[in-house]
Amino acid sequence: MRNVQDSEKEKLNPKSDWLPTRSSQQFNVIRRVYQQDALNKDANYQVPEKPWAYRCKKVISNCGFGECLINSLPIARWLPKYNTKRDLVGDLVAGATTAVMHIPQGMAYAMLAEIPPIVGLYMAFFPVLIYVIFGTSPHVSMGTFAVACLMTGKVVVQHSTPVDVVHVVNSTISEGPSLLPAYSPIQVASVVSLAVGLMQIVMWVLRLGAVSTLLSEPLVSGFTTAASFHVMASQLKDLFGIRLPHLGSNYKVIFTVIEIFKNIPNTNWAAFIISVITCTIISLNNEVLKPIVSKRSRVPVPIELLAIVIGTLASTFGNLKGVYGISLVGKIPTGLPNPQQPPLELFPKIAIDAFTITMVTYTITMSMALIFAAKEKYEVDANQELLAMGASNVFGSFFNCAPFCASLSRSYIQYQAGSKTGLTSVVSSLLIVCVLLWVGPFFEMLPRCVLASIIVVSLKGMFMQTQELAKFWKLSKLDAIVWIVTFLITLLINIDIGLGAGLVASVGALFCRSQKPYTCLLGRVLDTDLYLDIKRYRAAEEIAGIKIFHYCGGLNFASKNLFRSTLFRKIGYFKDHDQSDEDSNITKSDFEWESNVGEKVRCVIIDATALSYVDAPGIRSLVAAQRELVSSNITVLLAGANGPVLEMIETYNSLESDRLQLDTFPTVHDAVVYYKMIEAKKDAAITITT
């Protein structure tokens, strides 16, 4: 026996050697064997009820004017608490840095949307100010983005008329009824922005923020990667300084590459040389200089801005257009545009394309916002983001803006530059106004090949997403297939068709997963109440006469036949004993019950601890399986079902005459012990009778 001194030492030193380690600690729990009904009675189980009076009271309390105002206007929450000493410097630096990037990217990406470059600067001002008021992410840089502008450009090309033709057609439209009104590219882009904004507001009203989850990570990755090739293809004509004929909307990448090879003899070599030099300098900066500068300064080298300034000066003093025939950006008006109503009659024609742009822009923006929210540990309201983007797009549509979106590259730069709050976007917008009011005409002599070079180099990060295919392949073959399908169809056919194909592939992947849930037979581990997969745990041994079937997933109309066939196959009742254990496509006609089956298995316990949902057809499959097993003198027990599943079974039994009548237990161990007790009583009764 230990003496008192030893006991006192052990109290002072709880980690004494005689104490068991954490992995060897044992707990003896003594309780009765519970059936589910008995446990419900002892634990006072009741279905949660929410009376209409309670629900109405909660809705009214949550919809108070003050609370509604704060929730709908996040700026009213963070602006009064703004800490000048802590946040102002970071916001000013980040705002100035982002504005510098907005200028070249805005002008370049506007070309993707087939609209004048100045519109890209409008998009960095008008909708961004509205987003500051309604948005919940202070770190995303809203404005132009390559994929969104490219998708808008597709609609603009389909429904617009060149600017020089618009005036002629509209001036002569009254001369004959056969002439239709012509729309400028800006008008088409603005009505697309209006349509996208209205759709996002409708989604906000319907609380459909979670709809973006339909666009899975493999889908978004494959789609944006393929879209980057469309972006690059659209810039090849400016990189080579050649003119291409109008190409159809489908197979555009393929046709563009073919036309480029055909027109190589017509290459403007001056434009090509400028493109090569610009791409090389920007790439060297990004790969070599930027990592060095980032260690010493939060502000990166504004290489894109330097490129357009130097390109403009070279074009002005070298007369590149007159000497070499290089295409220039052209007329850039000063001042802010007057508000104009978009042509609403175009709305029905562009509605489908607008919905596609709505989904893509919202998903990309939310993805970026959630990345920064996870890093800085704050919440982003998915539904509020719909309101923010919707209101911004609607407002911007009256000022010639195209649909806007979060930019991946600008957002990362803005975050690294020290952005703290939405004031960063305000600073950036004010600097953009200075460019719009006074600096705009300076860029009229900018060669288009310089902007094309900036776009192509900025696509490197999106091209690198092709490496994610290897990751998806290792994690899940289905995810890899979704990526491949989305990428190939988007690349080879068209953007909207590729997105639709990706959605179908994603839904198909979900269906395939639901058709092959995780199932196994459980065995007991030593003398414990732990029951584990006998294929994965060698110490787990099946109990004689008892089969414990574990099913993970939902049991519904789509998986009912699979559940039943897998259950029979796992417990060993099928005609062809040579069938593969992985083959789950067995129909009822494949089963042939053996005459001595009751001597092999006397009890089947269905472990429903991982059964997430069950519907009426699923319960019918349980009824059919139980009836077939009971006909062979096999007891069927249900263990571990959660409350909603049990409530669904109870509701089903109250409505259907063909009821599911089986004993239910809170745990597998309760079911095992209960069955052993019943068998022991039967054996005792037989012995007494004998």
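The entries start with the basis of the values and then turn to the chain.

Basis. I worked from a predicted model, in which local features need pLDDT of at least 70 and side-chain atom pairs count only at pLDDT 80 or more, while totals for chains, interfaces and linings use all residues. Residues are numbered from 1 along each chain as its sequence is written, and side-chain values use heavy atoms, with hydrogens and water left out.

Overall. I found 30 helices and 10 strands in the protein chain (DSSP runs: helices H or I of at least four residues, strands E of at least two, numbered from the N terminus). Of the 690 residues, 47% are buried (under 20% relative accessible area; exposed is over 50%, partly exposed in between; 1.4 Å probe, protein chains only).

Surface patch. I noted a nonpolar patch of about 710 Å², made by Leu-313, Phe-317, Leu-336, Leu-437, Trp-438, Val-439 and Phe-442. Helix H15 (303-318) and helix H20 (423-439) each give two or more residues to this patch. The largest share, three residues, comes from H20. I then looked up Val-439, which lies in helix H20 and counts as partly exposed at 33% relative accessibility.

Interior residue. Is Gln-235 buried or exposed? Gln-235 sits in helix H12 (residues 217-240) and is buried, because its relative accessible area is 2%. Leaving aside residues up to four places away in sequence, Gln-235 touches Met-111, Leu-112, Ala-452, Ile-455 and Val-456 (contact: heavy atoms within 4.5 Å).

How values were computed. Patches are made of residues with over 30% relative accessible area and no salt bridge: like charges are joined within 9 Å, nonpolar side chains (Val, Leu, Ile, Met, Phe, Trp, Tyr) within 5 Å. Accessible areas come from the Shrake-Rupley method with a 1.4 Å probe; for residues, only the protein chains shown count as cover. A salt bridge is a side-chain nitrogen of Lys or Arg within 4 Å of a carboxyl oxygen of Asp or Glu.
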